[in-house]
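Subject: Structure handover

Hello,

Here is the structure you will be taking over. Please open it first, then read the notes below.

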Amino acid sequence: MRYIPIVTKNLLILNVLFFAASWIFERMGIDLDSLGGLHFFLADNFAIYQFVSYLFLHAGFMHLFFNMFALWMFGCVIENTWGPRRFLTYYLVCGIGAGMLQELAQFFSFYMTLSAQDPTIGLFDTFRMGRIFSSDLNGWTTIGASGAVYGVLLAFGMLFPNERMFVFPVPFPIKAKWFITFYVVLELLMAVGSRGDGVAHVAHLGGMLFGYLLIRHWRNQYGGYSSGFNGQELFRRMRQRFEERRNNKPTTHLHVEEGGRETDWEYNARRQAMQEEVDRILDKIRRSGYDSLTSEEKKRLFDHSREL
């Protein structure tokens, strides 16, 4: 896990540790899913911290494996693009938002169950009935990082819509935007048509919805940059302007430096060295994100931008 960015790596480790702890505690007679899983808010066992803790619990190995595989596959790219703090904020917002939408879906499911037995029951009566049956509602528990992971999946599709992906068993590459669209439609159909399949389809959609709203907010806040401000778009434009300026520059120069004249060869060599340094820093941003730069590297880039 040497080259996995820090937040993605720590999320992977925490999920695996929680899964192992659940297995150990289960053999000690302690149900960690009951303590940390997200209960229906009208149930006795509901606690506000469960909006975060439920993200690190999983129903089985395959549940954990597919969530962590997707987090590793797409989370590394998104974190390297946004930086660790923005990525962690996004991940938690998607996860908490998924839980909130799941709670809302459970509330209306409870209301529909009651109204099927007594059509006179209204929405406010549902809260009263919830207090009466609060112990029976403890079975409505949601666990898993799927909502947050689906949000990460959406972010990849929005930031890199034309990136081509191979998706088993499709024998040809498809663009990320069509891959994400397929998943959204599939989850919508599953949420409407599923009957107790044990999968929180509404939570998946909730993670995508809150992710979409947050990305739209960041785009408006940062002048249309799809990834917020991480330096990549700015430095891409800097590099483009430098290339244009270099290509249009005359081939002969005579520059006066302190202590003497700078020949054409010296000038070109200095500019070439500067370009190589800028290229190195830009490559580092692409690999590890803007936050990986040292203060000196950031200063060089901004000093270089003032010369363009």
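How many helices and strands does the protein have? The protein has twelve helices and six strands. Both are DSSP runs numbered from the N terminus: helices are H or I with at least four residues, strands are E with at least two.

This is a predicted model, in which local features need pLDDT of at least 70, side-chain atom pairs count only at pLDDT 80 or more, and totals for chains, interfaces and linings use all residues. Residues are numbered from 1 along each chain as its sequence is written, and side-chain values use heavy atoms, with hydrogens and water left out.

Overall figures

Of the 308 residues in the protein, 40% are buried. Buried means under 20% relative accessible area, exposed means over 50%, and partly exposed is in between (1.4 Å probe, protein chains only). The accessible surface of the protein is about 17600 Å². Carbon and sulfur atoms hold 62% of that surface. Areas come from the Shrake-Rupley method with a 1.4 Å probe; for residues, only the protein chains shown count as cover.

Now the contacts (heavy atoms within 4.5 Å). Take those with a separation of 6 or more: 66% of them join residues 24 or more positions apart.

Aromatic rings

The whole structure has 20 aromatic pairs. Rings of Phe, Tyr and Trp (its six-membered ring) pair if their centres lie within 6.5 Å; planes under 30 degrees apart count as stacked, over 60 as edge-to-face and the rest as tilted.

F40 is in the loop between β1 and α3, and W140 is in the loop between α6 (123-132) and β2 (141-142), so the pair ties together parts 100 residues apart in sequence. F40 is buried, at 0% relative accessible area. W140 is partly exposed, at 29%.

Another pair is F65 with F66. Their centres are 5.4 Å apart and their planes are at 75°, so the pair is edge-to-face. F65 is partly exposed at 37%, whereas F66 is exposed at 51%.

F40 and W140 also belong to one aromatic cluster, together with F41, F107, F108, F110 and F127.

There is also a charge over a ring: R86 lies over the face of W218, 4.5 Å from the ring centre. The test is NZ of Lys or CZ of Arg within 6 Å of the ring centre and within 35 degrees of the ring normal.

Salt bridges

How many salt bridges does the structure hold? It holds two. Each is a side-chain nitrogen of Lys or Arg within 4 Å of a carboxyl oxygen of Asp or Glu.

R27 bridges to E26, with the closest N and O atoms 3.8 Å apart. Both R27 and E26 are exposed.

D125 bridges to R128, with the closest N and O atoms 3.9 Å apart. D125 and R128 are three residues apart in helix α6, so about one helical turn separates them. D125 is partly exposed at 27%. R128 is partly exposed at 41%.

Surface patch

W23, I24, F25, M28, I30, L35, I48 and Y49 form a nonpolar patch on the surface, with about 820 Å² of accessible area together. Patches take residues with over 30% relative accessible area and no salt bridge; like charges are joined within 9 Å, nonpolar side chains (Val, Leu, Ile, Met, Phe, Trp, Tyr) within 5 Å. Helix α1 (residues 6-27) gives the most to this patch, with three residues. I48 sits in the loop between β1 (38-39) and α3 (50-53). I48 is exposed, at 64% relative accessible area.

Best regards
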